[in-house]
Structures are given as structure tokens and as C-alpha cells.
Amino acid sequence: MALDYKIGSEKQVAVLNIVKFPDPMLRLKAKPVQTFDKSLQKLIDDMFETLRAAPGVGLAAPQIGQSLRLVVVEYADEEKEDAKPKTYVLVNPEIIKTSEETVMGSEGCLSVPGLAGDVERHEMVTVKAKNRYGQPMKITARGWLARIFQHEIDHLDGILYIDRAKNIYELSDEELAELKD
Ligand code: NI
């Protein structure tokens, strides 16, 4: 319970520090979220703020030093015209279905700066999770969104993409920014 939360206080968001490899926090199995209280809402808002400042497309709570099973994603599907970024909050997510088909793609990670690697992922995943208010949800994602979900959910089990990558290479910040596009 967040008893110290001041009701009526102005909503403020903060950019949090991103934990970098090889910090042991990134290797822990994160704990399930138990309470959907105001401090969780604040943490989620701060994680989105941190993600946008980075910038990146996905962030898992261990990456900001909280060992919790919580992921935020903000991603615009560029294959769709006039695609606006969509936000996703996955609390205690579980991948319950995967396609047999896999695809290779380049990944980077905000916790592993300057590097990218080619990783094989399921083309499609179905994720069961709770939303930020604790309501159950299910979402099926394909392509890049499916890749982002798999990358972020791996973070909750202490797995980094560099563990799965076929090859890892150095990239300049410019090239990394392009990769994110
Ligand atoms: Ni990552």
C-alpha cells in the first residue's frame, strides 16, 4: 500500500535512470506485481516518460531498477499509413501462444548501448497480461510488435537479446537511431 501518496498532489512524471549491462538487476527473475495502487500508476507514467526520452520502443521495469513483471511499449506500425504510436502496458505478462514461423531481425536494447544484433523470434505471439488497473487482457501481435513483446518479456526473466543473438555488432548512435525507425 502506498500510504504516503498525497491525494490531490499535482501529477508529475520523472525520467528514470536506465540500468546498464552488466548490472546484476538485469539478470534477476522479476517478481509479479501484486497491487495496482497509485504508486504503480506513477511508476508506469514514469516508465513511459523514460522510454520517450531515451528514445526507445519498449521498456521493462528491471531496466529502471524495479524487479517487477511490468512492461511498457510505445510503437507505431509503419506499415500502416497514418500510423500513430500505440501504447501498451503489460503487467505480469505471459506468452501463451507462439507461431511456428520465426523471423530474424535486428534488435538493440536501452540497457546495452551502442550494440545491435540479429535475433530470431516468433513471428506471432499471444500475450496474456493485466492492464494497469489489474483487468485481464489478451493481445495477439505480429512482426515488430511481436518482437518487442518477446524482447521485453525476456527482460522479466533476466534474459537479454545478446544471449539469443546470432551475431552482435557495434553501431554508431546515428545508425542505432535508424534501426529504431
Ligand atoms: Ni531491452
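**Reading the sheet, the metal site and a buried residue**

Analyst: In this predicted model, helix H2 lies across S1, S2, S3, S6 and S7, running at about 155° to S2.

User: What is the order of the strands in the open sheet?

Analyst: The order is S1-S2-S3-S6-S7, and the pairing is antiparallel. Strands S1 (58-60) and S7 (136-142) stand at the edges; each has a single partner strand, so one side of each lacks a neighbour in the sheet. From one strand to the next, the twist averages 40°. Helix H1 (residues 38-53) also packs on the sheet, where H1 touches S1, S2 and S3, and its direction makes about 40° with that of S2.

User: How many bridges join strand S3 to strand S6?

Analyst: There are 5 bridges between S3 (residues 86-98) and S6 (residues 124-130). Within S6, Val127 is the residue opposite Ile95.

User: Which residues coordinate the nickel ion?

Analyst: The ion is coordinated by Cys109 (SG), His151 (NE2) and His155 (NE2), at 2.1 to 2.2 Å. Along the chain, these donors follow the spacing C-x41-H-x3-H. Cys109 in strand S4 (residues 102-109) and His151 in helix H2 are 42 residues apart, a pair that links distant parts of the chain. Both Cys109 and His151 are buried.

User: Why does Asp154 count as buried?

Analyst: Burial is judged by relative accessible area, with a cut-off of under 20%. Asp154 counts as buried because its relative accessibility is 9%. Asp154 belongs to helix H2 (residues 143-156). Leaving aside residues up to four places away in sequence, Asp154 touches Arg121, Ile159 and Arg164.

How values were computed
Residues are numbered from 1 along each chain as its sequence is written. This is a predicted model: local features need pLDDT of at least 70, side-chain atom pairs count only at pLDDT 80 or more; totals for chains, interfaces and linings use all residues. Side-chain values use heavy atoms; hydrogens and water are left out. Helices (H or I, at least four residues) and strands (E, at least two) are DSSP runs, numbered from the N terminus. Buried means under 20% relative accessible area, exposed over 50%, partly exposed in between (1.4 Å probe, protein chains only). Contact means heavy atoms within 4.5 Å. Donors are N, O and S atoms within 2.8 Å of the metal (3.2 Å for Na, K and Ca); water is not among the atoms, so sites may look incomplete. Two strands pair if DSSP finds at least two bridges between them. Axes are lines fitted to C-alpha atoms, for helices over the stretch in contact, and angles run from 0 to 180 degrees between N-to-C directions.
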